[in-house]
Amino acid sequence: MSEGRSTARTGLKLLARFGLVGIAATILYAVLAIALVESEWIGFSPAQASLAAYAAAAVFSYFAHKSVTFMSSGSHRSEAARFVLLTATGFAVAYAAPALLTAKLGLPPIIAILVTCLLVPAVNLLMLDRWVFAQRRPGQQGDRST
């Protein structure tokens, strides 16, 4: 098999793993955010619900991406710190999208949730691959082709 085809195949495998973990985290985020917004008992605003749901999804995402997507051998100490910084950026988006789209533009909360679900993963793939989980287990270096 040619090197280009092998690189493309490993890139697709990485993308598939990222997608599966990301879809699971996104579903977790969306279900929690909707439940928290619509719960009369809890009474969260769209921004509060989005942040709480994002935090829960972030914990799941860190462990799943470290072990499944990127198969990283790096220490939790360094990778978790980088992941927290990246997640803080996601938190900013998770706060700003609902605040802007619902309070300022009058759109329904589901629009803000969808914007968050699309924007954050696109940035995360690049940053997780190249910065957070850059240290791979032996035999996994080829997965850095994306």
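## Salt bridges

Two salt bridges are counted in this predicted model, a salt bridge being a side-chain nitrogen of Lys or Arg within 4 Å of a carboxyl oxygen of Asp or Glu. One of them joins the side chains of Lys66 and Glu79, with an N to O distance of 2.4 Å. Lys66 belongs to helix 2 and Glu79 to helix 3, so this pair ties together parts that are 13 residues apart in sequence. Helices (H or I, at least four residues) and strands (E, at least two) are DSSP runs, numbered from the N terminus. Lys66 is buried, at a relative accessible area of 8%, and Glu79 is likewise buried, at 2%. Here buried means under 20% relative accessible area, exposed over 50%, and partly exposed in between, with a 1.4 Å probe and protein chains only.

The salt bridge between Arg130 and Asp129 has its closest N and O atoms 3.3 Å apart. Arg130 is partly exposed, with a relative accessible area of 36%, whereas Asp129 is buried, at 1%. In general, side chains of opposite charge can pair when their charged atoms come close.

## Basis of the values

Residues are numbered from 1 along each chain as its sequence is written, and side-chain values use heavy atoms, with hydrogens and water left out. As the model is predicted, local features need pLDDT of at least 70 and side-chain atom pairs count only at pLDDT 80 or more, while totals for chains, interfaces and linings use all residues.

## Packing of helix 2 against helix 3

Helix 2 (residues 46–69) packs against helix 3 at an angle of about 150°, and the two axes are 9 Å apart. Axes are lines fitted to C-alpha atoms, for helices over the stretch in contact, and angles run from 0 to 180 degrees between N-to-C directions. The two helices are therefore roughly antiparallel to each other; angles under 35 degrees count as roughly parallel, over 145 as roughly antiparallel, 65 to 115 as roughly perpendicular and the rest as oblique. The crossing of helix 2 and helix 3 is right-handed, a term that applies if the near helix is turned clockwise from the far one by less than a right angle, with anticlockwise giving a left-handed crossing.

Contact means heavy atoms within 4.5 Å. On the side of helix 2, the residues making the contact include Pro46, Ser50, Tyr54, Ala58 and Lys66, and on the side of helix 3 they include His76, Glu79, Thr87, Ala94 and Pro98. By class, this contact comprises 14 nonpolar, six polar and two charged residues. Ala, Val, Leu, Ile, Met, Phe, Trp, Tyr, Cys and Pro count as nonpolar, Asp, Glu, Lys and Arg as charged, and the others, Gly among them, as polar.

Thr87 is placed in helix 3 (residues 76–104) and is buried, with a relative accessible area of 9%. Apart from neighbours within four places in sequence, Thr87 is in contact with Tyr54 and Ala58. Ser50, in helix 2, is buried at 1% relative accessibility. Leaving aside neighbours within four places in sequence, Ser50 is in contact with Tyr29, Ala33, Ala94 and Pro98.

Gln48 is also found in helix 2, but Gln48 is partly exposed, with a relative accessible area of 44%. Gln48 and Leu85 are 37 residues apart in sequence, and their C-alpha atoms are 20 Å apart in space. The loop between helix 2 and helix 3 contains Met71, which has a positive phi of about 45° although it is not a glycine. Most residues other than glycine have a negative phi.

## Ile34 in helix 1

Ile34 lies in helix 1 (residues 3–38) and is partly exposed, with a relative accessible area of 31%. Beyond neighbours within four places in sequence, Ile34 is in contact with Ile110 and Ile113. Ile34 and Ala94 are 60 residues apart in sequence and 13 Å apart in space, C-alpha to C-alpha.

## Overall architecture

The protein has four helices and zero strands, and its elements run α-α-α-α from the N terminus on. Its C-alpha atoms fill a box of roughly 55 × 30 × 20 Å, taken along the principal axes. Of the 146 residues, 37% count as buried. Among contacts between residues at least 6 apart in sequence, 66% join residues at least 24 apart.
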